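Biologist: I would like to learn how to read a protein model. Could we take one feature at a time?

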Amino acid sequence: MRQHRTDSSIGVPPAGAALQGVRVIEMGQLIAGPFCGKTLGEFGADVIKIEAPEGGDPLRSWRLVKEGTSVWWQVQSRNKRSLALDLRQPQGQEIARLLIAEADVLIENFRPGTLESWGMSPDEIHALNPGLVILRISGYGQTGPYRDLPGFGAIGEAMGGLRHLTGEPGRVPVRVGVSLGDTLAALHGTIGVLMALYHRKVHGGPGQVIDVALHEAVFNVMESLIPEYSAFGAVREAAGSALPGIAPSNAYPCQDGWVLVAGNGDSIFKRLMGAIGRQDLGDAPDLAGNAGRVVRVHEIDAAISAWTVVHTVQQVMDILATARVPAGKVYTAKDIADDPHYRARDMMLPQVTRDGYTVEVPGIVPKLSVTPGSIRSSAPHLGDDTDTVLAEAGVSTDRIALLRSKGVIR
């Protein structure tokens, strides 16, 4: 990889960080592209986030705001440097090309054709930097009849088949309470970036374009949805909290809430039935395998519910833990924050923001034993690093002042 100096304002990655020396130019905004940049930054990449001088990334003001900035921003943009640059102006595009020429990765999640309209098509960029890895995340991909339609993560979840399966049978499809489609696209994009960098470094390959469509990222995790339709004409439907075709696996009522129980392994099922006092079901020959249990799933669920409903969630958890049956309570944010297991695994980390207050943020996933990720800096204010980034790129002080006077930078 190219060796780039990491400015002291963001903190130097730990020696031997997995992605130390990788420079990323992030042009995306909101969720999908920036989540990929966040992940790469946590493992040592130098991520330069390009934002519009007026307002910056809209995520700065999304959901709950403290000291003028969304607390979500403190997670999504940690370990990044902010360059306030107007990409709509030719001089801004010129600066972007200057930075791209020395980068390893470019991330963008604009509507297809936007980069091309700025004179930064993949062919034009690769003429400047043949080794550049370009990640393009969009609603429907860079090709196909829908490529020009606007697309958000929620639409990707619907087209990818996920929304049809969420909620109770016969009722309106519901969404997962987070932007799952965007995050799945970001994770697929991250995988693509790492594969492309490996191919370049190990096999001497050229740079390449990674084309991630939101709906395809969702579709990729839909398990047996299409093979079942292809082989049997079966259209899988919403099933509430149950997992159709696998039994028992459901949410069950307790005196003070709900508990999820996954008793679908053959030996686990026998232990579960023993724990709830239904050894008759545990010993039934036709229930020894999953196929038989699926046939009698309603009877099994009723038996489990009759037991859980007279216990508290904690009582159910304790009994099933002793019986070695997977079970879990439905966690709220408070449950997560108070849970000792989260803290033992460094998944709740205090972070001092650039506004001076401390906020807890999620830890880093995955956990690498030799090159773990780290939080080297808090999320930047808009344009915090404009002068530093441009100076590193060889832009003179006079030119920086001129660009600022014209509104090209902030």
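**Two packed helices**

Modeller: Helix 10 crosses helix 13 in a left-handed way; a crossing is left-handed if the near helix is turned anticlockwise from the far one by less than a right angle, and right-handed if clockwise. Helices (H or I, at least four residues) and strands (E, at least two) are DSSP runs, numbered from the N terminus. This is a predicted model, in which local features need pLDDT of at least 70 and side-chain atom pairs count only at pLDDT 80 or more, while totals for chains, interfaces and linings use all residues. Residues are numbered from 1 along each chain as its sequence is written, and side-chain values use heavy atoms, with hydrogens and water left out.

Biologist: Which residues of helix 10 and helix 13 make the contact?

Modeller: Contact means heavy atoms within 4.5 Å. Helix 10 contributes Phe269, Leu272, Met273 and Ala275, and helix 13 contributes Ile300, Ile304 and Trp307. By class, this contact of helix 10 with helix 13 has seven nonpolar residues, no polar and no charged ones. Ala, Val, Leu, Ile, Met, Phe, Trp, Tyr, Cys and Pro count as nonpolar, Asp, Glu, Lys and Arg as charged, and the others, Gly among them, as polar.

Biologist: At what angle do helix 10 and helix 13 pack, and how far apart are their axes?

Modeller: Two packed helices are described by the angle between their axes and the distance between the axes. Axes are lines fitted to C-alpha atoms, for helices over the stretch in contact, and angles run from 0 to 180 degrees between N-to-C directions. Here helix 10 (residues 266–275) and helix 13 (residues 297–308) pack at about 45°, with axes 10 Å apart. Angles under 35 degrees count as roughly parallel, over 145 as roughly antiparallel, 65 to 115 as roughly perpendicular and the rest as oblique. Helix 10 and helix 13 are therefore oblique to each other.

Biologist: Is Tyr252 buried or exposed?

Modeller: Buried means under 20% relative accessible area, exposed over 50%, partly exposed in between (1.4 Å probe, protein chains only). Tyr252 has 1% relative accessibility, so Tyr252 counts as buried. Tyr252 lies in strand 9. Among the residues that Tyr252 touches, not counting those up to four places away in sequence, are Trp258, Asp301 and Ile304. Tyr252 and Ile304 are 52 residues apart in sequence, yet 7.3 Å apart in space, C-alpha to C-alpha.

Biologist: Which peptide bond near Pro248 is cis?

Modeller: The bond joining Ala247 and Pro248 is cis, with omega about -10°. Pro248 is in the loop between helix 9 (225–232) and strand 9 (249–254). A cis bond also runs from Val365 to Pro366, with omega near 0°. Pro366 is in the loop between strand 13 (358–362) and helix 17 (386–392).

Biologist: What is phi of Leu30, and where is Leu30 found?

Modeller: Phi of Leu30 is near 65°, a positive value in a residue other than glycine. Leu30 is found in the loop between strand 1 (23–26) and helix 1 (32–42), and at 14% relative accessibility Leu30 counts as buried. Asn79 likewise has phi near 65°. Asn79 is in the loop between helix 2 (71–76) and strand 5 (80–84), and at 0% relative accessibility Asn79 counts as buried.

Biologist: How many helices and strands does the chain have?

Modeller: The chain has 18 helices and 13 strands. Of its 410 residues, 48% are buried.
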